[in-house]
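Open the model in your viewer and keep the selection tool at hand. The stops below are given in the order to select them.

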Amino acid sequence: MLVTKLEHACVRLEKNGTTLVIDPGVFTTPAAFDGADAVLITHEHLDHFAEDRLRAAAEADPALRIWTNRSVADTLGGLGGRVHVVGHGDTFAVTDLEVEVHGEWHAVVHPDIPRITNIGFLVDGRVFHPGDALTIPERRIEALMLPAHAPWSKTAELIDYVRELKPGRTFSVHDSGLSDIGRTLVDGLLGERGPGTGAEHGRLPIGEAVDLD
């Protein structure tokens, strides 16, 4: 499986000619949709879901399909059966790629801010993108797309999350709010200059890919 890091929280996953795009939001270029068979959206926040761009991509490619939660799906009227609503515990397939859905709620930003729903996607039993939550699937994860910076998190929580989840390795996503200095600091704490998570941590530059096979 080929994993490509795109802007902010967005990644492309490719295997055997099938391409999935997860969370192409307003900070992600429209080129993220090029050649995609399916788009997976974890929740409704604009940095993960850009309705106008997704609609444009769907109009340009009638075969494009979308899997997301009810909150996002309700905004995508007119796309008919191409939009599939899923929730925690559901599974589906995009050609030969199996996807499991984990999680229900966005992480708490502040007690005074109402929580919204959020789902994470485990693709091919190997790559987990949690969206904006620190969800723990009860199974072994090979590669975790780790939200490295957000209004709702701190690095200590990320370290403990990786320790509990015990993935084979982690890659930073959700990081456009960090400067180069900030990325270096966070990567160090998640990696060799931190207290240890038990997993190898890496960062892919935008547009670069890693082959998990």
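Predicted model: local features only at pLDDT ≥ 70, side-chain atom pairs only at ≥ 80, totals over all residues.

Residues are numbered from 1 along each chain as its sequence is written, and side-chain values use heavy atoms, with hydrogens and water left out.

**Cavity**

Select V3, T4, K5, V11, M145, F171, S172, V173 and L204, which line the largest cavity. A cavity is a set of points, on a 1 Å grid over the protein atoms alone, where a 1.4 Å probe fits but cannot get out; lining residues have an atom within 4 Å of a point. Two or more lining residues come from each of strand 1 (2-5) and strand 12 (169-173); strands are DSSP runs of E with at least two residues, and helices are runs of H or I with at least four, numbered from the N terminus. The volume is about 40 Å³, taken as the space filled by probe spheres set on the points, which are joined across faces, edges and corners. The count is one cavity of 30 Å³ or more.

**Backbone sites**

Next, select D23, in the loop between strand 3 (18-22) and strand 4 (38-40). D23 is not a glycine, yet its phi is positive, about 60 degrees. Is D23 buried (under 20% relative accessible area) or exposed (over 50%)? D23 is buried, with a relative accessible area of 0%.

Last, select K166, in the loop between helix 3 (155-165) and strand 12. K166 also has a positive phi, near 55 degrees. K166 is exposed, with a relative accessible area of 57%.

Note on methods:
1 Å grid on protein atoms, 1.4 Å probe; cavity = no way out; pocket = protein on both sides within 12 Å on 5 of 7 lines; lining within 4 Å. Buried < 20%, exposed > 50% of the residue type's maximum accessible area, 1.4 Å probe, protein only.
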